[in-house]
Amino acid sequence: MARKAKRISIDTKLCKGCHICIAVCPHGVLKVSETVDNRGFFLPVVADIDACKVCGLCEMECPDFAIVVVSSDE
Ligand code: SF4
Ligand code: SF4
């Protein structure tokens with residue numbers, strides 16, 4: 001059975017809105033927020049958690065260890 005994500009957490013203190021996670025996600029799970037945060041960053045938000053295959057690419061490529069994907073089987 002294909003893996004599914006139970007939760008995708010983005011640490012809003014660590015994230016600096018570089019959007020690498022959005023660029024590397026092969027399944028369009030993440031998108032840019034339409035609102036700016038209090039530091040002036042457009043952070044990523046989860047657009048479609050059901051499309052996540054828990055491949056881990058976003059976690060591996062995030063330079064700030066700001067995104068964590070929790071599998072539904074964890
Ligand atoms: S784990 Fe993979 S599919 Fe899920 S959001 Fe990250 S890059 Fe996209
Ligand atoms: S790659 Fe990391 S720091 Fe960059 S936008 Fe995504 S979660 Fe934030």
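Why does Val36 count as exposed? In this predicted model, local features need pLDDT of at least 70 and side-chain atom pairs count only at pLDDT 80 or more, whereas totals for chains, interfaces and linings use all residues. Residues are numbered from 1 along each chain as its sequence is written, with chains lettered from A and ligands numbered from 1 in the order in which they are written.

Val36 counts as exposed because it has 11 C-beta neighbours inside 10 Å (C-beta atoms are placed from the backbone; a residue is buried with 20 or more others within 10 Å of its own, exposed with 12 or fewer, and partly exposed in between). Val36 belongs to the loop between strand S2 (30–32) and strand S3 (44–46). Apart from neighbours within four places in sequence, Val36 contacts Phe41 and Phe42, a contact being a pair of C-beta atoms, placed from the backbone, within 7 Å. The C-alpha atoms of Val36 and Gly17 lie 9.8 Å apart, at a sequence distance of 19 residues.

The protein chain contains two helices and four strands, in the order β-α-β-β-α-β along the sequence. These elements are DSSP runs numbered from the N terminus (helices H or I, at least four residues; strands E, at least two). The C-alpha trace spans about 40 × 20 × 20 Å along its principal axes. Of the contacts with a separation of 6 or more, 61% join residues 24 or more positions apart.

Buried residues account for 19% of the 74 residues. The largest nonpolar core comprises 13 residues, and Cys21, Cys25, Leu30, Cys58, Cys62 and Ile67 have the most contacts inside it. Such a core is a set of buried Ala, Val, Leu, Ile, Met, Phe, Trp, Tyr and Cys residues joined through C-beta atoms within 7 Å. Beyond four places in sequence, Cys58 touches Cys21, Val24, Cys25, Leu30, Ile67 and Val69.

Ligand 1 is surrounded by 15 residues, the closest being Cys25, Val29, Cys52, Cys55 and Cys58 (C-beta atom, placed from the backbone, within 6 Å). At least two residues of this shell come from each of strand S1 (5–10) and helix H2 (57–61). Around ligand 2 there are 13 residues, with Cys15, Cys18, Ile20, Cys21 and Cys62 the closest.

Note on methods. Two residues are in contact if their C-beta atoms, placed from the backbone, lie within 7 Å.
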